[in-house]
Amino acid sequence: GDLMTSKLTQTTFEETVSSTGVVLVDCWAGWCKACKEFQPVFEQAAERHPDHTFVKLDTQSEGGLVEQLGIEHIPSLVLFRDGLMLFNQAGYFDSEGLDDIIAQAESLDMKQVRAAIEAEEP
């Protein structure tokens, strides 16, 4: 149910995405039909992965975050792990696709990811 997913706002953003572990953000809007179809998929994934954080971003009321995350189309799925954005993609994901994205994020060696990011920075 709705207990699994909370709203992501500008106020809670930093604290939410910088937390340890996997954070998934469902970017949606009230008028978007595909977003409504994705909602139960997202909710069910939250139930299957209680150790991860699942939040919903209302793109109509959180324009600042939409800009910050570079969201151009909805639905969009954004994934953070240990404060790093690893995935940001528009489109509808089914349960299998969503679990696959989560599994990939779980299996990453974050030391390597951080090293790669640091290597790219001038």
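## Aromatic cluster

Phe38, Phe42, Phe54, Phe87, Tyr92 and Phe93 form one aromatic cluster. Rings of Phe, Tyr and Trp (its six-membered ring) are taken as paired if their centres lie within 6.5 Å; planes under 30 degrees apart count as stacked, over 60 as edge-to-face and the rest as tilted. The structure is a predicted model, in which local features need pLDDT of at least 70 and side-chain atom pairs count only at pLDDT 80 or more, while totals for chains, interfaces and linings use all residues. Residues are numbered from 1 along each chain as its sequence is written, and side-chain values use heavy atoms, with hydrogens and water left out.

Helices (H or I, at least four residues) and strands (E, at least two) are DSSP runs, numbered from the N terminus.

Phenylalanine 38 is buried, at a relative accessible area of 1%, whereas tyrosine 92 is partly exposed, at 42%. Buried denotes under 20% relative accessible area, exposed over 50%, and partly exposed in between (1.4 Å probe, protein chains only).

## Sheet and packing helix

An open sheet is formed by 5 strands in the order S1-S3-S2-S4-S5, with mixed pairing. Strand S1 (5–7) and S5 stand at the edges with a single partner strand each, so one side of each has no neighbour in the sheet. Neighbouring strands of this sheet are turned by 25° against each other on average, direction ignored. Two strands are considered paired if DSSP finds at least two bridges between them.

Strands S2 (residues 22–28) and S3 (residues 53–58) run parallel and are joined by 6 bridges. Aspartate 26 stands opposite lysine 56 in S3. Helix H5 (residues 110–120) packs on the sheet, touching S4 and S5, and its direction makes about 85° with that of S5. Contact means heavy atoms within 4.5 Å; axes are lines fitted to C-alpha atoms, for helices over the stretch in contact, and angles run from 0 to 180 degrees between N-to-C directions.

The peptide bond from isoleucine 74 to proline 75 is cis, with omega near 0°. Proline 75 is located in the loop between helix H3 (63–69) and strand S4 (76–81).

Aspartate 82 lies in the loop between S4 and strand S5 (84–90). Although aspartate 82 is not a glycine, its phi is positive, at about 50°.
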